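Trainee: I would like to learn how to read surface patches and salt bridges. Please take me through them one at a time.

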Amino acid sequence: MTKTQHYVLGTWTSATGEGKPSYDAVTGEFIAETSVEGLDIPAILHYGRTKGGEKLRKMTFQERGNMIKSLALYLTKRKEAFYEISYRTGATRIDSWIDIEGGFGNLYSNASLRKLFPNQPYHVEGDPIDLSKGGRFMAHHILVPKKGVAIHINAFNFPIWGMLEKCAVNWMAGMPAVVLPAPVTAYLTEAVVREIIASNILPEGALQLISGTAKNIFDTVESQDVITFTGSAATGRLLKAHPRIIQESVPFTMEADSLNASILGEDAVPGTPEFDLFINQARSEITVKAGQKCTAIRRMIVPEKLMDDVQGALSKSLDKLAIGDPRLKEVRMGALVSKDQVNVLKGRVQELSKSAKIVYGDLEKTNIIGADEKGAFVSPILLREDHPFTNVAVHETEAFGPVSTIMPYKNLDQAIELAQMGKGSLVSSIVTNSDAIAKDYVVNAASHHGRILVLNRENAKQSTGHGSPLPLLVHGGPGRAGGGEEMGGVRGIKHYMQRCAIQGSPTTLTEITGIYQAHSAYKEITQHPFQYHWEDIQPGMSLRTHNRTVTDTDIINFANLTWDHFYAHTDITSLDGSIFKKRTAHGYFILAAAAGLFVYPNKGPVAANYGLEECRFLRPIYHNDTVYVRLTCKQKVDRDVASAEHPSGIVKWFVEVFDTTDELVAVATILTMVQKKQEVFVEMTDEKVAECINKLTENAKPIWGILTPQHLLEHLEEGYKILSGEIQDFEIVTPSTILDKVHNSLYNYDKFPKGTKFPTMKKDELEDLVHPDFETAKAKFFEAREQYKTFFKENPEAIMKNMVFGELNRYESYLLERKHLNHHFEQFNLI
């Protein structure tokens with residue numbers, strides 16, 4: 001009998017004992033059995049804390065983010081295999097898209113958050129706090145990765161998204177994960193984890209999979225661990241009360257199924273776009289994933305005068321629904337996950353129908369396309385509760401499937417009260433074109449909901465909908481919804497980190513945080529800071545400029561140049577009663593003058609001014625006042641580069657403007673784009689090229705590939721002929737959709753992959769030689785290179801076509817030459 005496997009302690013393994021079977025939701029066929037008997041849970045948790053945790057904690061946020069992005073790209077290329085498995089859970093293509101590509105989207109979104117964190121393994125939060133009048137004792141807050149493991153207990157309905165939306169966050173924080181999917185769909189989670197492990201992108205131990213329910217998972221949790229649970233509120237409350245969790249004060253985040261409500265605004269009458277939006281959204285939330293979503297609309301709260309209209313319109317819309325085999329294009333709703341779930345659903349609907357009336361659908365009859373009663377199919381069910389204030393079952397009982405109930409309200413206060421009777425939900429929505437109604441609802445209902453969507457004609461086309469949690473928004477809710485939060489962008493990452501207040505001198509805290517703190521000791525330098533590459537710049541590096549005296553003429557000229565004729569700068573007869581005593585320099589002139597004092601004029605690693613973050617003018621500067629500037633590196637922030645520019649990072653510079661009494665008169669933080677060192681490639685000077693070529697012997701063997709030395713020389717000769725324009729009778733073969741990306745890659749410091757083939761070269765076969773012997777080929781190589789150099793010397797503005805990289809100018813041609821020669825010289829062990 002087939003068993004789902006677990007990936008624990010660095011290997012794939014099967015548990016012992018009899019397990020719980022999983023069946024195809026569409027055909028009823030047996031898929032696999034899940035068992036956790038015999039797994040060494042304490043060892044698994046310890047392995048994650050040590051093997052995976054130690055590596056993740058040492059990685060910087062940039063490294064973690066790029067790792068997660070690489071994983072997202074890797075999985076996206078293999079997504080179709082997951083769709084085929086997902087159909088067996090009863091999910092349609094659209095349902096599976098939410099689970100599969102929604103999960104990968106979480107990886108992408110969280111990976112992008114690396115830009116909001118420093119280029120170090122820990123985070124510095126908020127602003128510094130001065131604890132003394134002299135500025136020599138201060139505090140800051142840092143967040144470091146917890147030294148535990150994230151334990152994720154997931155529900156059956158989203159076996160991929162449920163895992164990745166949590167793991168993306170804990171990996172970004174530097175914490176490993178142990179994932180426990182629900183047994184009924186664990187086979188799909190296993191398929192994805194197999195690809196993740198095969199990719200070798202994550203450090204070993206960063207992800208372990210226990211395919212099923214391990215009842216003793218909490219017995220050895222520790223205070224540094226973090227637990228998340230997705231499932232029923234009743235189960236979550238039992239787990240949260242585990243003695244070990246209480247004893248160790250383990251953070252426990254619960255995201256429970258809730259009775260989410262959607263409100264139809266009183267203005268959204270039939271004939272308005274909002275009424276149609278409400279009906280369309282309601283149908284979608286009932287049928288997507290066959291209603292098996294923790295965010296689905298369970299209660300539709302509508303104006304009492306529109307009850308019949310909503311019931312009729314929604315019933316008519318559901319009539320068009322095709323139910324059956326999710327692989328069929330015409331099918332819009334698949335099966336529930338299992339027959340057991342169908343039975344549970346029927347029981348819940350029967351409870352609701354004791355007070356509410358079923359006005360659409362039949363629990364015992366479903367029209368099915370392409371399948372039969374062996375599958376876990378059920379009809380959409382719409383109930384009507386006309387007395388929602390007295391019949392409270394609708395606010396307490398959830399039917400986890402394609403089931404929803406409509407109920408009336410007399411005014412918005414009643415709608416808010418009804419929404420709150422669900423005792424806390426993950427999400428609510430209101431469909432209205434009245435901003436006044438929207439504001440009233442949101443402000444008064446927000447206390448009971450984790451997220452509120454306001455839907456109207458303006459945002460409908462871009463709206464992600466009522467039931468779609470988004471990576472950068474919190475996912476969770478109060479009360480019945482569990483009282484926890486997941487995702488939420490930076491907020492979610494911080495959940496897996498320990499916040500610590502640190503106190504000390506500004507100089508010490510500068511070293512700890514990696515951010516220059518005011519009043520910290522300066523680090524004097526031997527050359528202008530703009531002469532340093534990004535890697536060599538350190539927070540605290542500082543330059544004191546020479547002085548500049550501000551003259552009357554400076555102020556008047558600046559006013560004329562900018563058209564800023566504020567009276568303090570241009571009309572000294574109007575200063576009475578103002579804070580100014582004399583003609584005053586413009587604040588932005590002070591900034592400009594400061595730049596003139598600290599900017600290094602020669603070309604160097606500083607590529608561009610990137611912006612200004614903060615600026616304060618502390619006291620006026622009058623004509624004939626003299627100032628100087630202290631320029632200090634405040635912080636370094638890494639950045640991704642995809643355009644036609646060399647790898648670079650952002651340096652934040654703290655600019656302090658002083659007068660000659662050393663009184664601080666202005667401060668600002670400016671940003672510069674600073675290039676990183678190029679230490680990957682050997683620069684291809686004439687001397688270096690000659691040295692390498694002369695080291696090449698006729699019988700030399702390549703480290704990789706099949707080129708002979710003469711074939712190499714002739715290949716390089718052809719490359720120079722293309723660069724110089726001698727050969728241009730070809731078409732660019734790189735697709736236009738990716739040509740810019742390929743062209744811009746010339747600027748990065750990545751080597752050509754080993755085995756890279758030029759488009760015209762034969763596959764696994766040598767070209768016919770052109771020259772009679774090796775020495776002739778060598779001479780022709782040097783001749784072609786000289787022609788290339790001469791061509792660009794005489795035509796410095798020339799643009800030449802390249803088969804792979806598109807149009808290249810003189811500088812880009814050199815970048816290609818450098819990469820190309822380094823690639824082949826390394827191939828023959830010449831450099």
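Trainee: Which residues form a nonpolar patch on the surface?

Mentor: This is a predicted model. In it, the nonpolar surface patch is formed by I129, L131 and F137, and together they have about 240 Å² of accessible area.

Trainee: Where is F137 found?

Mentor: F137 sits in the loop that runs between β5 (123–130) and β6 (138–145).

Trainee: Now the salt bridges. How many salt bridges does the structure hold?

Mentor: There are 41 of them. To read one, look for a side-chain nitrogen of Lys or Arg within 4 Å of a carboxyl oxygen of Asp or Glu. Take K166 and E486: their closest N and O atoms are 3.9 Å apart, and the two form a salt bridge.

Trainee: Where in the chain are K166 and E486?

Mentor: In distant parts, 320 residues apart. K166 belongs to helix α5 (residues 161–173), while E486 belongs to strand β22 (residues 484–487). As for cover, K166 is buried at a relative accessible area of 3%, and E486 is buried at 6%.

Trainee: Which residue forms a salt bridge with E398?

Mentor: R298 does, with 3.0 Å between the closest N and O atoms. This pair also links distant parts of the chain, 100 residues apart: E398 is in the loop between β17 (381–384) and β18 (403–409), and R298 is in strand β13 (residues 297–303). E398 has a relative accessibility of 6%, so it counts as buried. R298 is buried too, with a relative accessible area of 4%.

Trainee: What do the side chains of R785 and E817 form where they meet?

Mentor: They form a salt bridge, at 3.1 Å from N to O. R785 is in helix α22 (residues 774–794) and E817 is in helix α23 (residues 810–827), so this pair ties together parts 32 residues apart in sequence. R785 is buried, its relative accessible area being 6%, and E817 counts as buried at 4% relative accessibility.

Trainee: Which residues are joined with R785 and E817 into one network?

Mentor: D686, E786 and K789.

Methods: Residues numbered from 1 in each chain as written. Predicted model: local features only at pLDDT ≥ 70, side-chain atom pairs only at ≥ 80, totals over all residues. Heavy atoms only, no water. Helix = DSSP H or I, 4+ residues; strand = E, 2+ residues; numbered from the N terminus. Buried < 20%, exposed > 50% of the residue type's maximum accessible area, 1.4 Å probe, protein only. Patch = residues over 30% accessible without salt bridge, like charges linked within 9 Å, V, L, I, M, F, W, Y side chains within 5 Å. Areas by Shrake-Rupley, 256 points an atom, 1.4 Å probe, with all protein chains shown as cover.
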